[in-house]
Amino acid sequence: MKKTLTTMILTSISEVLETMFFIPVEPEEEELSKLPDIGSDLLAASLKFKGDRSGDLVIIAPRIVVEEMAENLMGLNSENVEEEYLTGTLTELLNMVCGNALSRADASNPYELAIPEIILMPEVLKRNTFHKINTPQSALAISVVIEE
């Protein structure tokens, strides 16, 4: 089930980034045991979910990628992208990806999503599974934890 849910999330992140943010991506299939080198000045957000399986999804992205996402989503130029737009864009990406993936899950109980929240990098570095998502400009990473 974990692999299936992770696969659905990787598919969803591709669809959401390409459709809503106009950013083509290439997820790497290999699961990594530490955060891949995706640059510095990183932002991270987490979203918990409950249903047949519970867990959480974390997205970690360089500020430059989140800026591009905010510009594309809101039709702004880079001078008009404020800090709250960046956090709002990252949490909205997380909400869209998780909602898209979980809507595909064959579940006897509907999934409930918590409110996405920005988290600090020390929390991210405690995790032990990551997937790298390549973009033309840089890369981002996701971490999916499914409670057993």
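A nonpolar core is a set of buried Ala, Val, Leu, Ile, Met, Phe, Trp, Tyr and Cys residues joined through side-chain atoms within 4.5 Å, where buried means under 20% relative accessible area with a 1.4 Å probe, protein chains only. The model shown is predicted: local features need pLDDT of at least 70 and side-chain atom pairs pLDDT 80 or more, whereas totals for chains, interfaces and linings use all residues. Residues are numbered from 1 along each chain as its sequence is written, and side-chain values use heavy atoms, without hydrogens and water.

**View 1. The largest nonpolar core comprises 38 residues.** Leu93 and Ile142 have the most contacts inside this core. Two or more residues come from each of α1 (2-20), β2, β3 (55-62), α2 (63-74), α3 (83-104) and β7 (139-146); helices (H or I, at least four residues) and strands (E, at least two) are DSSP runs, numbered from the N terminus. The largest contribution, 9 residues, is that of α3. Another core, of 11 residues, lies apart from it and includes Leu35, Ala44, Val58 and Ile60.

**View 2. Strand β2 pairs with strands β3, β5 and β4.** Two strands pair if DSSP finds at least two bridges between them. β2 and β3 run antiparallel, joined by 8 bridges and by a hairpin of 4 residues; Leu43 has Ala61 of β3 as its bridge partner. With β5 (residues 117-119), β2 forms 3 antiparallel bridges, and Ala44 is partnered by Ile119. Pairing with β4 (residues 112-113) is also antiparallel, over 2 bridges, and places Lys50 opposite Glu112. Of the 9 residues of β2, 7 are buried.

**View 3. Ser46 is a buried residue of strand β2 (residues 42-50).** Ser46 counts as buried because its relative accessibility is 6%. Its side chain is joined to that of Asp56 by a polar contact of 3.5 Å, that is, a pair of N or O atoms within 3.5 Å, one able to donate a hydrogen and the other to accept it, residues adjacent in sequence counting only if both atoms are side-chain atoms. Beyond four places in sequence, the contacts of Ser46 (heavy atoms within 4.5 Å) include Leu57, Leu94, Ile115 and Glu117.

**View 4. Helix α2 has buried residues along one face.** Arg63, Val65, Val66, Met69 and Ala70 are buried in α2. These buried residues fall within an arc of 160 degrees, judged by the directions from the helix axis to the C-beta atoms, so they line one face of the helix. Gly75, with a positive phi near 65 degrees, follows α2.

Methods:
Buried means under 20% relative accessible area, exposed over 50%, partly exposed in between (1.4 Å probe, protein chains only).
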